[in-house]
Amino acid sequence: MGDQKDRMLRGELYRDNDPELVADRRRAQALVDRFNGTGAEETGERDTILRELLGKLGEGSWIMPRFQCDYGYLIEIGANSFLNYDAILLDCAPIKIGSDCSIGPRCQLLTALHPMEDHELRRARWESAAPITIGDNVWFGGGVIVCAGVTIGDDTVVGAGSVVTRDLPSKVFAAGNPARVIREL
């Protein structure tokens, strides 16, 4: 494993133009292109492609096209979970989705981070990433955005269009921008 990939996996600043990372993204993009090009009746082919692309795909889980990700191998999805149309998972750090989750259309899970205070580092294209963890039996309404470093507890519901910038506990309904707990469930 090269230095930049190792730095990325450790959550440190890295350069994404490293040849190994570029090759990993091209491999993922080729698989994503194949997946997104399948027809509605090709569920077996979709499953085969996802099992090659992702780090883990639990039994009975499925994703609807269009689907986008950076690397694929950093994504783990538990059993019986569903990602609806147009999911974007920027997996520069691990993304773990529990079992029995329902992820609404056009949701985004974004692990990438860019330097805010150091303008020169950002200009030089340095970045880092922080993992996203989603518990079991979580439901996201359409268009939810989850930012880097966030953990969402089991049995939580996030309202459509919410932007989750901080951890959410188990068994709550949260909504808004930024998302906040509205009530316990």
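## A look at Ile88 and the cysteines

Ile88 has 30% relative accessibility, so it counts as partly exposed (buried means under 20% relative accessible area, exposed over 50%, partly exposed in between, with a 1.4 Å probe and protein chains only). Keep in mind that this is a predicted model, where local features need pLDDT of at least 70, side-chain atom pairs count only at pLDDT 80 or more, and totals for chains, interfaces and linings use all residues. Residues are numbered from 1 along each chain as its sequence is written, and side-chain values use heavy atoms, with hydrogens and water left out.

Ile88 sits in strand E7, residues 87-90 (strands are DSSP runs of E, at least two residues; helices are runs of H or I, at least four; both are numbered from the N terminus). Setting aside neighbours within four places in sequence, Ile88 touches Gln68, Cys107, Gln108 and Leu109, where contact means heavy atoms within 4.5 Å. Leu74 is 14 residues from Ile88 along the chain, and their C-alpha atoms are 14 Å apart.

Now for the cysteines. How many disulfides does a search of the whole structure find? It finds zero, taking a disulfide as a pair of cysteine sulfur atoms within 2.5 Å. Cys92 is in no disulfide, and the sulfur of Cys107 is too far from the closest cysteine sulfur for a bond.
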